[in-house]
Amino acid sequence: MVLHPKHIIESCAGYGGLGLAVKIAEPRAKSVCYIEREAAAAATLLARMEDKTLCHAPIWSDVTTF
């Protein structure tokens, strides 16, 4: 049986906590996009991507245009 990684889109991502929890539960999971409009939370997402805590993925700032 071939297992494939799970792709995640994090809507209202905040600081990325849900994505981290999913990654712990399912190590093959990979976030492919974050949706977050708050600048401070988006900056934290970027910092977590740079230190490799989170998967590198685009941050979309408006859920209505996603």
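**Loops, sheet and charges**

Colleague: Is Lys52 buried or exposed?
Modeller: Buried means under 20% relative accessible area, exposed over 50%, and partly exposed in between (1.4 Å probe, protein chains only). Lys52 reaches 67% relative accessibility, so it counts as exposed.

Colleague: What kind of model is this, and which pLDDT do local features need?
Modeller: Residues are numbered from 1 along each chain as its sequence is written, and side-chain values use heavy atoms, with hydrogens and water left out. This is a predicted model: totals for chains, interfaces and linings use all residues, side-chain atom pairs count only at pLDDT 80 or more, and local features need pLDDT of at least 70.

Colleague: Where is Lys52, and what is its phi?
Modeller: Lys52 sits in the loop between α2 and β3. Helices (H or I, at least four residues) and strands (E, at least two) are DSSP runs numbered from the N terminus. Most residues other than glycine have a negative phi. Lys52 is not a glycine, yet its phi is positive, about 70°.

Colleague: Which phi does Cys12 have?
Modeller: Cys12 lies in the loop between β1 and α1 (17-25). At 62% relative accessibility, Cys12 counts as exposed. Cys12 is not a glycine either, and its phi is positive, about 50°.

Colleague: What is the strand order of the sheet?
Modeller: Strands pair if DSSP finds at least two bridges between them. β1 and β2 are linked in the parallel sense by five bridges; within that pair Ile8 faces Ser31 and Ile9 faces Cys33. β1 (7-11) and β3 (59-60) are the edge strands, each pairing on one side only. The three-stranded sheet is open, with parallel pairing and the order β1-β2-β3.

Colleague: Which residues make up the covered face of β1?
Modeller: In a regular strand, side chains alternate between the two faces of the sheet. The uncovered face of β1 carries His7, Ile9 and Ser11. The covered face has Ile8 and Glu10.

Colleague: How far is Glu36 from the nearest side chain of opposite charge?
Modeller: Glu36 is in the loop between β2 (30-35) and α2 (39-50). Lys and Arg count as positive, Asp and Glu as negative; His and the chain ends are not counted. A salt bridge needs a side-chain nitrogen of Lys or Arg within 4 Å of a carboxyl oxygen of Asp or Glu. Buried Glu36 has none, and its nearest opposite charge, Arg37, is at 6.0 Å.

Colleague: How many salt bridges does the structure hold?
Modeller: Side chains of opposite charge can pair when their charged atoms come close. Arg28 meets Glu26 at 3.2 Å, N to O, and Arg28 is partly exposed at 38%. Arg37 meets Glu38 at 3.7 Å, N to O; Arg37 is exposed at 69%, while Glu38 is partly exposed at 45%. The number of salt bridges is two.

Colleague: How far apart in space are Cys55 and Leu20?
Modeller: Cys55 lies in the loop between α2 and β3. In sequence, Cys55 and Leu20 are 35 residues apart. C-alpha to C-alpha, the separation is 9.5 Å.
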